[in-house]
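Biologist: I am new to this structure and would like to learn how to read it. Could you walk me through it?

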Amino acid sequence: MSPARKKSLLLLSPFLAVMGAFFLMPLLLIAAYSFLQAGPNGGVVWHFSWDAYVQILYTRDFDGTLVFDAGYLQIFWRSLKLAGICTALCLLAGFPMAWHMATRPPEKRNLWIMLVTIPFWTNLLIRTYAWMLILRTDGLVNNALVKTHLIAQPLTLLYNDFSIGLGLLYSYLPFMVLPIYANLERMDWRLVEAAQDLYATRAQTLRRVILPLAAPGILAGCVLVFIPAIGSFLAPDLLGGGKRMMIGTLIANQFSFARNWPFGAAASVVLMAVVMLGLMLMARKGRGLQSLV
Amino acid sequence: MSPTGLSIQSVSKIFPHAGGAVRAVDEVSLDIRANEFFTLLGPSGCGKTTLLRMIAGLETADGGRILLDGEDIAPLPPSKRPVNTVFQNYALFPHMTVAQNIGFGLEMQGRPAGDISRAVADALKTIRLEGMESRRPAELSGGQQQRVALARALVNHPKVLLLDESLSALDYKLRKEMQIELKRLQRESGITFIFVTHDQDEALSMSDRIAVMSHGKVAQLGTPQEIYDHPATRFVADFIGICNFLPAADLGLKDAGEIGFRPEDAAFVAGATPETPGAKGRIAHITYRGAVTHYLIKLADGRTVTLSEDDPQDVKVDDDIAFAVAPDRLIRCA
């Protein structure tokens, strides 16, 4: 090894150490666990096995034969769908918010950023419980509606897809707002003036100039929302009452109640593969979109 | 016949500033003729760009009317005005190609694709950028970006083209070229050009008429020659070219107050002695500028004046000299 190469490796070593300890090692451990046998009381038995992956697609019949079972696939699909809907809702709500923040006078923008980040000061678990208090049958919303005689019977706002979606939207909205804001804030507003000067209506200016220029921020926001949303665990578990199994709750259960670590690890690996595939598709589509406009 | 051209009638713009208000444009009235190359000239902060933006519709006027061929366009949004702008730093759309940039205005007006591509091809020929249609603005030089910005506006055949300090980002030589090019485009297109600049050289060399602005008002309106030879105020005299001001008595005149003259309108009086009547001084500095030579002269009372001569004179620093100003070239202004 040449001295220059040695030196650059030495300089890189802190970075490599952090990457190795916090990113690579846990991932490798998960991948390794997914190919092992489940221990009888949790943990793993160090014996290679495909069982965990087989279990995702098949169940064992009474007589021990493998039967195709789409149950877990449905959970995957439901989680993907919910994360997609959550991302779309975050975008719909987040873009106008980011727009509003970016168009304030510079001295007021920091206040807005602080307001958006205030929820992070409290643990997500606490905030999710707070939503339960708001949404439950004798919660804030129902009490207000009943007391004002707008409804006779309390609405079922908790433990359904609505509450899960609301919880996800609430949890991940800042991750959509901040990258879009960062993008819009840097935008050259004279381009908007130029578009209007060239006969573009407001809608045309938005579609042809602002959105293409904000695309990197929108894409970053979507990725930052979609990835945690698909594996999210708190909102489906607490606001969904754990009745609606999501991939996040499924994985969490394998490590806690079910004590099937290899299966939980395998589900995680599959989830990562799905997300990775989605990102690659998105990156390709992103480039395609850019060449369109 | 309805009046043609752009008529600006007591237009104002008030900006809130530090608790109070600043009249950036203060009841300005101007009549700009059709097919005219009209320049708004003034130092930064004089209101010229604000006035231009009000004509474009990018700023709303606080009072007054803006009539284009007799129709009040002040209430219209920018997208409804038959007026286009060449922005100071071009404001080309970075995510679009040259052709898409140039065709944008026509596309927004809903013109058929065939018309657009023909017009874009014509425009590229006019600005001599054939073969560059699929480049992005970032891949062009400053001068090329400037020409694309011009084409993007001109291709719409606006009634009025607004140019906001459009040449100031270019280097000297390119700027000179673009001045000639702009003048040619204006003559050939027959479009009214309203050009905003702080560069008096640019204003004098291109304009049919100039409005010199100061503190939100028009200080003087006239042809370049009228403004240079007969500046209405001391501000105009100082802003356009170099102007010397001396008490009338120093020049041996009976007028009250101060009299102005241009450096090139004064000449050395040969063989002068300290006893010769007229203005006298001592050469403080000589600057050779190629085509002309500037002489900085210090008078007995400490004032300085500048003289310029086409041919270098037989004088040197610290020589005592006398100079005289042609009587018909004296500038008497308010």
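Modeller: We will look at how two chains meet, and then at one residue. This is a predicted model, where local features need pLDDT of at least 70, side-chain atom pairs count only at pLDDT 80 or more, and totals for chains, interfaces and linings use all residues. Residues are numbered from 1 along each chain as its sequence is written, chains are lettered from A in the order in which they are written, and side-chain values use heavy atoms, leaving out hydrogens and water.

Biologist: What is the area buried between chain A and chain B?

Modeller: The size of an interface is often given as the accessible area lost when the parts come together. That loss is found with a 1.4 Å probe and summed over both parts. Here it is about 2,100 Å², with carbon and sulfur atoms giving 58%. Chain A brings 16 residues to the contact and chain B brings 26 (contact means heavy atoms within 4.5 Å).

Biologist: How many salt bridges cross the interface of chain A and chain B?

Modeller: A salt bridge is a side-chain nitrogen of Lys or Arg within 4 Å of a carboxyl oxygen of Asp or Glu. The rule finds two across this interface. Glu193(A) forms a salt bridge with Arg53(B), with the closest N and O atoms 2.6 Å apart.

Biologist: Is Glu309(B) buried or exposed?

Modeller: Buried means under 20% relative accessible area, using a 1.4 Å probe and protein chains only. Glu309(B) is buried but has no salt bridge, and the nearest side chain of opposite charge, Arg329(B), is 13 Å away. Beyond neighbours within four places in sequence, Glu309(B) has contacts including Phe268(B) and Tyr295(B).

Conventions:
Buried means under 20% relative accessible area, exposed over 50%, partly exposed in between (1.4 Å probe, protein chains only). Lys and Arg count as positive and Asp and Glu as negative; His and the chain ends are not counted. Buried area is the accessible area (1.4 Å probe) that two parts lose on being put together, summed over both.
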